[in-house]
Amino acid sequence: MKDKIKIFAYVGSCNVNSTTGIIMRELVRCIQDETGLEVVMTEFCGSKCDIKECVGCTQCFVAGKCALDCKDDMSEIRKRMLEADCIILGSPVYFHAVSGNMKKFMDRISYWTHTMELMGKAGITVATSGGNGLKYVSDYLRKFMDYLGVLDVGTIETAAFNKQYMINEKTLDKMQPMLHNCAKAVKDYLVDGHIPAVSRMQKDVFLMYKKRYEELKEYIDDVDEIRRWYDRGFNEYDCFEDALRAIYKTAPSLN
Ligand SMILES: Cc1cc2nc3c(=O)[nH]c(=O)nc-3n(C[C@H](O)[C@H](O)[C@H](O)COP(=O)(O)O)c2cc1C
């Protein structure tokens, strides 16, 4: 039986008092309320941490590591993501897309999408805006989570306008039902063991990589993502759900 939940949160905003960050912290408080467990949250904010921009060398896909990791905070971020039970990614809407800060973070994690590296973790996306473009950002963050193998336990979207408006407690009050629904879904999965529905995209991505790596393995044997896929035994499963069930049984973070 779990006695604590580890949450990794990345706030993709450069604002020190980020609206997105305020909502994410309130969400974590709701998770604590709902589960009654100790919640250990590791939060990284775009305003505070150092993430260098991807240089596009593509070596991460081949070597399984990024040469920039020793120069900024990404090693620590990766470690915390791997340890977490639940991943929360939040971004303000910047012209109907994620912020540059969030994209920088995603690019550096991108090679993990080729191995569905975070399979089985619970995931929540948070998007904030002045009033439009929320769905584009939620859908994009969700797709990223899908490719990482992270299960969908909730989406938070709010037209928060700006931080002066958000600091108004009534705004957070109004969001309580939405935040508590997410928190309840976290409890259903991580505490009560009800595995959430797997998305169509996750099923398709799994089969796509399985087929691709089977073909490539015939003539390539020194590419990390292929090795990693086989090391995790993913080639032996017929579908995402089978791999997930196996991961669920053995992952210390999920039991
Ligand atoms: C460069 C930039 C572009 C923005 N584009 C949009 C937009 O397309 N639609 C929208 O509703 N709000 C837009 N906003 C407003 C932000 O999404 C909104 O203020 C957000 O809640 C800020 O979150 P933060 O305090 O966490 O940084 C934009 C803000 C900036 C700085």
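In helix α9 (residues 224-231), E225, I226 and W229 are buried. Here a residue counts as buried if 20 or more other C-beta atoms lie within 10 Å of its own, as exposed if 12 or fewer do, and as partly exposed in between; the C-beta atoms are placed from the backbone. Helices are DSSP runs of H or I with at least four residues, strands are runs of E with at least two, and both are numbered from the N terminus. The buried residues of α9 pack against α2 and α8 (200-217). Contact means that the C-beta atoms of two residues, placed from the backbone, lie within 7 Å. After α9 comes G233, which has a positive phi near 75°.

The model is predicted: local features need pLDDT of at least 70, side-chain atom pairs count only at pLDDT 80 or more, and totals for chains, interfaces and linings use all residues. Residue numbers start from 1 along each chain as its sequence is written.

The domain assignment gives domain 1 (4-191) and domain 2 (200-254). Such bounds come from an automatic or database domain assignment. Taken over C-alpha atoms, the centres of domain 1 and domain 2 are 24 Å apart. In all, 18 residues of domain 1 are in contact with 17 residues of domain 2. On the side of domain 1 that touches domain 2, α2 (59-63) and α5 (134-148) each supply at least two residues. By class, this side of domain 1 has 8 nonpolar, 5 polar and 5 charged residues. Ala, Val, Leu, Ile, Met, Phe, Trp, Tyr, Cys and Pro count as nonpolar, Asp, Glu, Lys and Arg as charged, and the others, Gly among them, as polar.

The largest nonpolar core has 70 residues. A nonpolar core is a set of buried Ala, Val, Leu, Ile, Met, Phe, Trp, Tyr and Cys residues joined through C-beta atoms within 7 Å. I7, L27, C86, I87, I88, C182 and V186 touch the most other members. Domain 1 and domain 2 both give residues to this core, so it lies between them. Leaving aside residues up to four places away in sequence, I88 touches I7, A9, M24, L27, I124 and V126.

Around the ligand there are 19 residues, of which S18, T20, P92, S129 and G130 come nearest. The shell divides into 5 nonpolar, 13 polar and 1 charged.

F95 is found in the loop between β3 (86-92) and α4 (100-109). H96 lies in the loop between β3 and α4. F95 counts as exposed because it has 8 C-beta neighbours inside 10 Å. H96 has 13 other C-beta atoms within 10 Å, so it is partly exposed.

D204 lies in helix α8. D204 has 12 C-beta neighbours inside 10 Å and therefore counts as exposed. From C-alpha to C-alpha, D204 and K48 are 36 Å apart in space, and they are 156 residues apart in sequence.

Technical notes
Near = placed C-beta within 6 Å.
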